[in-house]
Amino acid sequence: MFILKSEVQFDMAHYLSGYTGKCQNIHGHRYRIVVKVASETLHEEGQLRSMVDDFGNIKRVLKEIEDLFDHKLVLEDNEEGRKVGEALSVLPNTFKVLYLPFRTTAEEMSRYIYYLLKDKGISVSEVELFETPTNSCTYKE
Ligand SMILES: [Zn+2]
């Protein structure tokens, strides 16, 4: 078994809707995503000969994921999240809000990123998302 590993980091603000405790307030994390791409075999010909995948392909997709989240406020796409978003419309329209259809826990975020990678053609085997240097969630199937 061959396992490639690549990672990227981004800064993102969020809060947990319907949560009681510190995370009910808007706060930020320096997220770190560690992606593994696994294969029993290597490509046998062409550009990818003797590779599982080109690190350049993985890096390109990770950069797209970084750009999607980096320096944005991410709100859950529910009634409360949309109200927060409307209240923020007093800010310049360059202020970046991203709505996601789930509570932005490390668990949901890691699963979402796993499928973003898969949809972009990466044979991802697992995604480990660090919310802090010591707390992470791994999603794999
Ligand atoms: Zn948080």
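Reader: What pattern does the protein chain follow when read along the sequence?

Author: Helices (H or I, at least four residues) and strands (E, at least two) are DSSP runs, numbered from the N terminus. The protein chain has three helices and six strands. Read along the sequence, they follow the pattern β-β-α-β-α-β-α-β-β.

Reader: What is left out of the side-chain values?

Author: This is a predicted model, in which local features need pLDDT of at least 70, side-chain atom pairs count only at pLDDT 80 or more, and totals for chains, interfaces and linings use all residues. Residues are numbered from 1 along each chain as its sequence is written, and side-chain values use heavy atoms, leaving out hydrogens and water.

Reader: What percentage of the residues of the protein chain count as buried?

Author: Buried means under 20% relative accessible area, exposed over 50%, and partly exposed in between (1.4 Å probe, protein chains only). The C-alpha atoms fill a box of roughly 55 × 30 × 25 Å along the principal axes. Of the 141 residues of the chain, the buried share is 37%.

Reader: In what order do the strands of the open sheet lie?

Author: Strands of a sheet pair through backbone hydrogen bonds, either parallel or antiparallel. Here two strands count as paired if DSSP finds at least two bridges between them. The open sheet has six strands with mixed pairing, in the order β4-β3-β1-β2-β5-β6.

Reader: Which strands are the edge strands, and what is the average twist from one strand to the next?

Author: An edge strand pairs on one side only, and this applies to β4 (97-100) and β6 (135-140). From one strand to the next, the twist averages 35°.

Reader: Which residue is the bridge partner of F130 in β6?

Author: Strand β5 (residues 124-132) pairs with β6 in the antiparallel sense, over six bridges. In β6, the bridge partner of F130 is S136.

Reader: What angle does the direction of α1 make with that of β1?

Author: Axes are lines fitted to C-alpha atoms, for helices over the stretch in contact, and angles run from 0 to 180 degrees between N-to-C directions. Contact means heavy atoms within 4.5 Å. Helix α1 packs on the sheet, touching β1, β2, β3 (72-76) and β4, and its direction makes with that of β1 an angle of about 15°.

Reader: At what angle does helix α3 run to β5?

Author: Helix α3 comprises residues 106-119. It lies across β1, β2, β4, β5 and β6, and its angle to β5 is about 140°.

Reader: Which residues are the protein donors of the zinc ion?

Author: Donors are N, O and S atoms within 2.8 Å of the metal (3.2 Å for Na, K and Ca); water is not among the atoms, so sites may look incomplete. The donor residues are spaced H-x12-H-x1-H in sequence. Two of them link distant parts of the chain, 13 residues apart, with H14 in strand β1 (residues 2-14) and H27 in strand β2 (residues 27-39). Lying 2.0 to 2.1 Å from the zinc ion, the donors are the NE2 atoms of H14, H27 and H29.

Reader: With which residues is E66 in contact, leaving aside its neighbours within four places in sequence?

Author: E66 is placed in helix α1 (residues 55-69). Its relative accessibility is 19%, and therefore E66 counts as buried. With those neighbours left aside, E66 is in contact with V8, Q9 and F10.

Reader: How far apart in sequence are the parts tied together by F69 and Y112?

Author: Rings of Phe, Tyr and Trp (its six-membered ring) pair if their centres lie within 6.5 Å; planes under 30 degrees apart count as stacked, over 60 as edge-to-face and the rest as tilted. The structure holds seven aromatic pairs. F69 and Y112 form an edge-to-face pair, 6.4 Å centre to centre with 70° between the planes. F69 lies in helix α1 and Y112 in helix α3, so the parts tied together are apart in sequence by 43 residues.

Reader: Which residues form one aromatic cluster?

Author: F69 and Y112, the edge-to-face pair, both belong to the cluster. The cluster is formed by F10, Y31, F69, F102 and Y112.

Reader: Where is S50 found?

Author: Phi of S50 is near 70°, a positive value in a residue other than glycine. At 51% relative accessibility, S50 counts as exposed. S50 is found in the loop between β2 and α1.
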